[in-house]
Amino acid sequence: MNKTLLTAIIAIITFLIAMGLLSFKILGSGLRKQVQNHLFSVREIKKTQIQNFFRERYGDINILSKNPLIIQSLPVFAAAFKEGGFDDPRYKQAESDYGYLFVHFLTQHGLQNIYLVDAEGFVVYGVKGESFRGENLKSSHFVSTTLNEVFTEGLTRLYFSDITFNEKTRDFMCIGACPVFDNANTFLGVIIVEISYSKLDAIVSQWDGLGKTGEIYIIGEDKLMRTKSRFLKENTILKMKIDTKSSRDVILGNTYIQRVKDYRNLPVISAYTPLDGLRDVKWFLLVEMDEKEVLHSFSVLEAYLVVVATVIFAISIVFHRCIRKKNLL
């Protein structure tokens with residue numbers, strides 16, 4: 001009878017442990033899949049938001065370049081500047097006539113600044129005081145600068161730059177340009193707009209649902225970060241190079257989710273994808289979360305299973321000894 005009972009107990013214990021291990025494997029796999037699906041969703045949502053952000057900015061500057069106010073005011077500012085400079089009464093009158101409308105455009109489209117540049121390259125108007133008014137963007141002083149690049153491209157087409165640092169405003173921004181033509185299709189000059197980095201930061205710094213270790217960031221073809229790090233106090237924009245397995249893979253044009261080590265050399269689950277449709281800008285999006293946090297529930301389940309298995313094993317040992325002692329008596 002005792003042997004039969006002991007056999008039954010061993011069978012039950014074996015069954016419980018086997019079921020626990022099986023449940024652990026199934027639940028663990030489910031947890032990993034759930035997190036991967038979540039990172040996938042966040043990646044695709046942020047990708048869409050960033051692409052829409054750029055499409056809206058392209059639309060804004062394209063509309064501004066064709067706005068009758070821009071077409072009318074650019075030659076007026078250019079003529080007044082050439083004849084008497086910024087202190088000329090005609091220039092002051094042009095500022096009075098058009099300035100408040102440019103401020104309205106600035107606010108309406110969420111821009112940092114708007115410049116009007118004549119066909120010769122002179123910045124004949126800037127909404128904000130820290131603008132480059134009076135400078136010639138074709139001069140040697142501006143060679144190899146982003147402003148020169150944007151102006152040169154903007155002579156013939158709508159163009160947007162990568163993120164750059166504005167020494168005057170001490171801020172990171174993207175700069176866009178578009179040619180301006182009058183109703184007779186005569187080239188008048190170029191409109192240039194500055195878009196503050198804060199607009200992009202508002203998108204990538206939303207870490208809802210990514211816990212304490214989730215991070216969203218953008219890199220360029222040079223692997224330099226185009227956004228700030230969540231974990232580092234110092235500025236990482238255009239300064240920190242991300243050379244990881246996921247960064248190398250995404251620059252090749254691949255979209256994937258995998259376990260890698262991040263730029264902090266910590267194991268993470270990384271979901272990455274190229275940002276398509278940004279025209280002149282080649283960026284890549286990475287959404288990552290520390291594996292330790294990802295598998296926290298998995299680790300808790302594992303700990304519980306170890307405790308339960310230990311308790312069952314201890315009970316079986318005690319029971320076995322009690323049966324053996326009773327038989328000896």
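Modeller: One definition first. Ala, Val, Leu, Ile, Met, Phe, Trp, Tyr, Cys and Pro count as nonpolar, Asp, Glu, Lys and Arg as charged, and the others as polar. Keep in mind that this is a predicted model.

Colleague: What makes up the lining of the largest pocket, by class?

Modeller: Six residues are nonpolar, five are polar and three are charged. The lining has 14 residues. F132, L147, F165, N166 and E167 lie nearest the centre of the pocket.

Colleague: Which elements give two or more residues to that lining?

Modeller: They are α4 (146–154), β4 (164–166) and β5 (171–181). Strand β4 gives the most, with three residues. The pocket itself has a volume of about 260 Å³.

Colleague: How many cavities of 30 Å³ or more does the structure hold?

Modeller: One. The largest cavity has a volume of about 50 Å³. A cavity is a space where a 1.4 Å probe fits but cannot get out, whereas a pocket is open.

Colleague: Which residues line the largest cavity?

Modeller: F53, F54, C174, I195, S196, Y197, L200 and W283. Seven count as nonpolar, one as polar and none as charged. At least two lining residues come from each of α1 (2–65), β6 (187–196) and α5 (197–204).

Colleague: Now the aromatic rings. How many aromatic pairs does a search of the whole structure find?

Modeller: It finds 19.

Colleague: Why is the pair of F77 and Y125 called stacked?

Modeller: Two numbers decide it. A pair of aromatic rings is described by the distance of the centres and the angle of the planes. For F77 and Y125, the centres are 4.4 Å apart and the planes are at 20°. Centres must lie within 6.5 Å, and planes under 30 degrees apart count as stacked, so this pair qualifies on both.

Colleague: What does the pair of F77 and Y125 tie together?

Modeller: F77 lies in helix α2 (residues 68–84) and Y125 in strand β2 (residues 123–126), so the pair joins parts that are 48 residues apart in sequence.

Colleague: How do you know whether F77 and Y125 are buried or exposed?

Modeller: The cut-off for buried is under 20% relative accessible area. F77 has 0%, so F77 is buried. Y125 has 4%, so Y125 is buried too.

Colleague: What makes the pair of F102 and F105 edge-to-face?

Modeller: Their ring centres are 6.2 Å apart and their planes are at 80°.

Colleague: How far apart are F102 and F105 in helix α3?

Modeller: They are three residues apart in α3 (residues 89–108), so about one helical turn separates them. F102 has 0% relative accessibility and is buried. F105, at 9%, is also under the cut-off and therefore buried.

Colleague: Which residues form one aromatic cluster?

Modeller: F77, F81, F86, Y91, Y98, F102, F105, F122 and Y125.

Colleague: And the whole chain? How many helices and strands does it have?

Modeller: Eight helices and ten strands. Of its 329 residues, 46% are buried. The chain exposes about 17,400 Å², and carbon and sulfur atoms supply 58% of that.

Colleague: What share of the contacts with a separation of 6 or more comes from residues 24 or more positions apart?

Modeller: They account for 55%.

Technical notes. Residues are numbered from 1 along each chain as its sequence is written. This is a predicted model: local features need pLDDT of at least 70, side-chain atom pairs count only at pLDDT 80 or more; totals for chains, interfaces and linings use all residues. Side-chain values use heavy atoms; hydrogens and water are left out. On a 1 Å grid over the protein atoms alone, a cavity is a set of points where a 1.4 Å probe fits but cannot get out, and a pocket is an open set with protein on both sides within 12 Å along at least five of seven lines; lining residues have an atom within 4 Å of a point. Grid points are joined across faces, edges and corners, and a volume is the space filled by probe spheres set on the points. Helices (H or I, at least four residues) and strands (E, at least two) are DSSP runs, numbered from the N terminus. Buried means under 20% relative accessible area, exposed over 50%, partly exposed in between (1.4 Å probe, protein chains only). Contact means heavy atoms within 4.5 Å. Accessible areas come from the Shrake-Rupley method with a 1.4 Å probe; for residues, only the protein chains shown count as cover. Rings of Phe, Tyr and Trp (its six-membered ring) pair if their centres lie within 6.5 Å; planes under 30 degrees apart count as stacked, over 60 as edge-to-face and the rest as tilted.
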